[in-house]
Structure formats: structure tokens, C-alpha cells
Amino acid sequence: MKPVECEFESEALAAALQSRWPEHVDPLLRAHVAACATCSDVIVVAGAIDAARQEMSKRVAVADSGRVWWMAQLRARREAAEAAGRPIAAVQAIAFACAVGLLGACLAAASTWFQSALGWIGSSVAGVDIEAWLPSASVLLAEHGALVLAMAAVIFLLPAAVYLAVGRD
Ligand SMILES: [Zn+2]
């Protein structure tokens with residue numbers, strides 16, 4: 001019975017898979033394969049595998065450079081759009097914060113004004129108490145000052161933020 005394994009089997013296999021068979025192998029190996037049933041089988045099988053692999057790699061559609069370039073352009077455009085969206089989101093956040101601040105200032109001013117008006121009406125009914133009314137008026141003025149500051153922030157900061165966001169494009 002002939003041996004199933006041969007010490008040159010791996011060499012023959014490597015030669016066949018690396019497309020070195022039969023031209024670029026050692027003449028001794030070639031002579032051995034011609035005489036050895038195991039190694040000639042290995043050469044036949046490995047040759048078939050190698051041929052199939054080459055056939056398959058021919059059929060695999062390697063993307064042409066135009067398509068690769070086009071995909072890269074699409075990706076770059078998408079990334080640029082995402083990058084452009086970030087400052088807009090920042091501007092929206094700033095505008096939202098300003099609006100919330102403005103709303104808060106309005107509410108505070110309104111409630112302070114309402115309270116001071118009520119207090120003034122109450123003190124007027126009880127007899128004019130100018131010392132009690134004056135601090136309320138100063139608080140009212142301070143709240144209106146905050147309101148004016150908030151409005152100024154919206155009026156000046158928002159166009160600046162929009163300009164920065166648009167100008168960066
Ligand atoms: Zn052999």
C-alpha cells in the first residue's frame with residue numbers, strides 16, 4: 001500500500017497555489033511529483049483550486065476608479081453637509097437660550113411689575129407710602145434693565161452667530 005502522506009506534499013502544494021508549478025520549481029521536486037502519486041494528486045487538486053480562484057477573481061467586479069471617485073465625492077459632500085449642520089444647530093441652541101432668557105426676564109419683569117403695582121395700589125389705599133413704593137420701583141427698573149440686556153443680547157448676538165455660521169461655509 002502506498003503512503004497517503006509524503007514529505008514533499010506541502011512543497012508541491014505551495015508551488016501549485018503560488019502559481020510556480022511547473023516552470024518555477026526545483027527540478028528535483030518536479031521529478032518527485034512525476035513519480036509520487038500523492039504529490040501529483042496534490043498538484044492536480046491545488047491547480048484546480050488555483051484556476052477556480054483566478055476565474056472567480058476575474059468575475060468579481062472590482063470597482064472602477066470613476067465609481068470610487070464618485071462614492072468619495074458623495075461621502076465628502078455628506079460629511080460637509082453634516083459639518084455645516086453643526087454651527088446651525090449651535091445657532092439654534094443659542095437662539096433658544098436667548099428666547100428662554102428673554103421669556104424668563106419678561107415673566108420676572110411682569111410679575112415684579114404686577115407685585116409692585118399691587119403693592120402701590122395697596123399702599124395708595126392705605127395712604128401714600130413713598131418709602132415702600134420706591135424700592136419696588138427700583139426693583140422694577142432693575143428687571144427692565146435685565147429685559148433690555150436680554151433683548152440687546154438677542155439683537156446683537158443672534159446676527160453675529162448667524163454671520164459666523166454662514167461665513168464659515
Ligand atoms: Zn510526494
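**Two helices side by side**

Guide: Let's start with helix 1 and helix 3, which are roughly parallel to each other (that label covers angles under 35 degrees). A helix here is a DSSP run of H or I at least four residues long, numbered from the N terminus. Before we go on, this is a predicted model, so local features need pLDDT of at least 70 and side-chain atom pairs count only at pLDDT 80 or more, while totals for chains, interfaces and linings use all residues. Residues are numbered from 1 along each chain as its sequence is written.

Back to our pair: the angle is about 25 degrees, and the axes of helix 1 and helix 3 run 8 Å apart. Those axes are lines fitted to C-alpha atoms over the stretch in contact, with angles from 0 to 180 degrees between N-to-C directions. The crossing of helix 1 and helix 3 is right-handed, meaning that the near helix is turned clockwise from the far one by less than a right angle. Helix 1 brings Glu 9, Ala 12, Leu 13, Ala 16 and Leu 17 to the contact, and helix 3 answers with Thr 38, Cys 39, Val 42, Ile 43, Ala 46, Gly 47 and Asp 50. Sort the residues of that contact and you get eight nonpolar, two polar and two charged. (Nonpolar means Ala, Val, Leu, Ile, Met, Phe, Trp, Tyr, Cys or Pro, charged means Asp, Glu, Lys or Arg, and the others, Gly among them, are polar.)

Now look at the largest nonpolar core, whose nine residues are Ala 12, Ala 15, Ala 16, Trp 21, Val 33, Cys 36, Cys 39, Val 42 and Ile 43. Helix 1 (9-17) and helix 3 (37-59) are the elements giving two or more residues to this core. Such a core joins buried Ala, Val, Leu, Ile, Met, Phe, Trp, Tyr and Cys residues through C-beta atoms within 7 Å. Zoom in on Ile 43: leaving aside neighbours within four places in sequence, Ile 43 touches Ala 12, Ala 16, Trp 21 and Val 33 (contact means C-beta atoms, placed from the backbone, within 7 Å).

Ser 19 has a positive phi of about 60 degrees, though it isn't a glycine. Ser 19 is partly exposed, with 13 other C-beta atoms within 10 Å; buried takes 20 or more, exposed 12 or fewer, and partly exposed is in between.

Stepping back, the chain has five helices and zero strands, and 8% of its 169 residues count as buried.

Note on methods. Two residues are in contact if their C-beta atoms, placed from the backbone, lie within 7 Å. Angles under 35 degrees count as roughly parallel, over 145 as roughly antiparallel, 65 to 115 as roughly perpendicular and the rest as oblique.
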